Amino acid sequence: MEEIVELISEETLKKRIGEAAKAISEDYQGKDIVMICVLKGAKPFFESLCEEIKGVSITKDYIKVSSYTKTESNREPVIGTNISTDISKKDVIVVEDIIDTGHSLDTLVNNYLAGKGPNSIEVAVMLDKPSRRENHNITPKYTCFTIPNLFVVGKGLDFDEEYRELPFVGVVKSSLERPIDEDIEGIIAQLGTPIRRVIKPLELTKQGKSGIIAKQIKGE
Ligand code: IMP
Ligand code: MG
């Protein structure tokens, strides 16, 4: 069983997702919008985000985009399912777990959804790893956390289909070159840098320092 080191606690995720939801609520107040969840990874973030959006009428839809084999990004993402909602002339927000190289969101938004004639399309991501970007065609309007180049799991994110159900975002310890404790201060210091719309500076607790064993979380 792998050891997972917590980077962003459940509580911090909730707080920040609430802030992103507030920004969306202000920007789309009184409107009907279509929120599109990129499966499978974005589902927990999508549900938490939608739950906190107030004063906006939301139609939810889901789309599957395959882009990763284990920890390697695929430069030619595949759209696996269609959406069932007609988004013509609609305001659309695409909700994704993480933007990494940027290829998946570029393919989905620019090659696929834009062709369906929406009034607007914006992107909301839980995490951004800007140091990995290869494709600069997408800039998410709503970003909860900016993280360094680490392979993260939890809150929907998987490593070969494992760890999606963890309620926090963490790193598989064995994937780190050096012990996380040496790096954690630097990593925490870099977290939460807003891209465009995120509102208050992030207060990160040091809860992450302790490290948590995944099997304890799963109750095994
Ligand atoms: P991109 O096309 O490289 O931007 O990849 C985006 C997709 O890769 C995300 O939707 C995730 O499914 C996956 N991904 C990227 N980085 C990570 C990570 O650190 N952990 C888990 N999945 C990741
Ligand atoms: Mg994904």
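A search of the whole structure, which is a predicted model, finds 0 disulfides, a disulfide being a pair of cysteine sulfur atoms within 2.5 Å. Cys37 is in no disulfide, and the nearest cysteine sulfur, which belongs to Cys50, is 8.1 Å away. Cys37 is buried, at a relative accessible area of 0%. Cys144 is also counted as buried, at 1% relative accessibility. Here buried means under 20% relative accessible area, exposed over 50%, and partly exposed in between, with a 1.4 Å probe and protein chains only.

Because the model is predicted, local features need pLDDT of at least 70 and side-chain atom pairs count only at pLDDT 80 or more, while totals for chains, interfaces and linings use all residues. Residues are numbered from 1 along each chain as its sequence is written, chains are lettered from A and ligands numbered from 1 in the order in which they are written, and side-chain values use heavy atoms, with hydrogens and water left out.

Helices (H or I, at least four residues) and strands (E, at least two) are DSSP runs numbered from the N terminus. Helix H2 spans residues 43–52, and Phe45, Phe46, Leu49 and Cys50 are buried in it. Viewed down the axis of H2, the buried residues fall within an arc of 125 degrees, so they line one face of the helix; the arc is that of the directions from the helix axis to the C-beta atoms. In general, an α-helix has 3.6 residues a turn, so residues three or four places apart point the same way.

H3 is mostly covered, with 9 of its 11 residues buried. Those buried in H3 are His103, Ser104, Leu105, Asp106, Thr107, Leu108, Val109, Tyr112 and Leu113.

**Ligand 1**

Ligand 1 is surrounded by 18 residues, of which the closest are Glu96, Asp97, Thr101, Ser104 and Val152; a residue is near a molecule if one of its heavy atoms lies within 4 Å of it. Strand E3 (57–69), strand E5 (91–99) and helix H3 (103–113) each contribute at least two residues to this shell. The most come from E5, with 4 residues. By class, the shell holds 7 nonpolar, 6 polar and 5 charged residues. In this classification Ala, Val, Leu, Ile, Met, Phe, Trp, Tyr, Cys and Pro count as nonpolar, Asp, Glu, Lys and Arg as charged, and the others, Gly among them, as polar.

| Residue | Distance to an oxygen atom of ligand 1 |
|---|---|
| Thr101 | 2.4 Å |
| Ser104 | 2.5 Å |
| Lys129 | 2.9 Å |

On its own, ligand 1 has 500 Å² of accessible area, and the protein covers 94% of it; accessible areas come from the Shrake-Rupley method with a 1.4 Å probe.

**Backbone geometry**

Most residues other than glycine have a negative phi, and most peptide bonds are trans. Leu39 and Lys40 are joined by a cis peptide bond with omega about -5 degrees. Lys40 is in the loop between strand E2 (32–39) and H2.

Lys155, which is not a glycine, has a positive phi near 45 degrees. Its loop runs between strand E8 (152–153) and strand E9 (169–172), and Lys155 is buried at a relative accessible area of 15%. Glu161, found in the loop between E8 and E9, has a positive phi of about 75 degrees, although not a glycine. At 45% relative accessibility, Glu161 is partly exposed.

Key
Polar contact = N/O pair within 3.5 Å; in protein donor to acceptor, adjacent residues only side chain to side chain.
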